[in-house]
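Dear colleague,

Please find the structure below, together with its sequence. A summary of the findings follows it.

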Amino acid sequence: MTRLETLKNHLQTQFAQNCSLKEALNELTLDVPAGQWVDVCTALRDTPALSFELCIDLCGVDYATYGEPAAQVAPPKFPQRYAVVIHLLSVAHNWRLRVRTWVQNDEFPVIDTLFNVWPSVNWFEREAFDLYGIVFEGHPDLRRILTDYGFIGHPFRKDFPLSGNVEMRYDTEQKRVIYQPVSIEPREITPRIVREEGYGVER
């Protein structure tokens, strides 16, 4: 039995009733209900057969337009717009796992923090909050980490304008930095690729 099969069996035994497990490209993804997010992650860390001691990454995902427009068919339907994804590492067993939960309420996404499970998620959760607007309830210091203090909006949301909502400049009369509405008109930037005739054809 391979290491991946062993991990898959352990996960199915532990979480078969309340989570779903997917395998693709020799990787496992465990989908966890939002209400059991902290409990399942704690079990992933503390169960000796799993022993995921390290959370090496956490990020937000916006599925608003996922699957468009590459395919002519309708994009896949997801239970919520936003998800939180973590990547775990077990040093003891030398295996990895991706864990995902769907964040409830698309208008004001809130999920419990994993800070008390893996303190290493501190800055990762701040980044997801800053860029996606996902609120991690119980986080000890949830504030922006990449954008400016007066920044309005969340840059990685797919409905966020490319030029932003406000711009910053130094006002010589007031002798200070001020914020004002963006002075350029919003526009779509579509990259244009022109290739010579016969490009990629073996000769």
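Is aspartate 46 buried, partly exposed or exposed? Aspartate 46 is partly exposed, because its relative accessibility is 44% (buried means under 20% relative accessible area, exposed over 50%, partly exposed in between; 1.4 Å probe, protein chains only).

The model is predicted: local features need pLDDT of at least 70, side-chain atom pairs count only at pLDDT 80 or more, and totals for chains, interfaces and linings use all residues. Residues are numbered from 1 along each chain as its sequence is written, and side-chain values use heavy atoms, without hydrogens and water.

Salt bridges

The whole structure holds 10 salt bridges (a side-chain nitrogen of Lys or Arg within 4 Å of a carboxyl oxygen of Asp or Glu). Aspartate 46 pairs in this way with arginine 45, with 2.7 Å between the closest N and O atoms. Aspartate 62 and arginine 81 form another salt bridge, at 2.9 Å. Aspartate 62 belongs to strand β3 and arginine 81 to the loop between β3 and β4, so the pair ties together parts 19 residues apart in sequence (strands are DSSP runs of E, at least two residues, and helices runs of H or I, at least four, numbered from the N terminus). Aspartate 62 counts as buried at 4% relative accessibility, and arginine 81 counts as buried at 17%.

Nonpolar core

The largest nonpolar core has 35 residues; Phe15, Trp37, Leu44, Ile86, Leu114 and Trp118 touch the most other members (a core is a set of buried Ala, Val, Leu, Ile, Met, Phe, Trp, Tyr and Cys residues joined through side-chain atoms within 4.5 Å). Its largest share, 5 residues, comes from α2.

With kind regards
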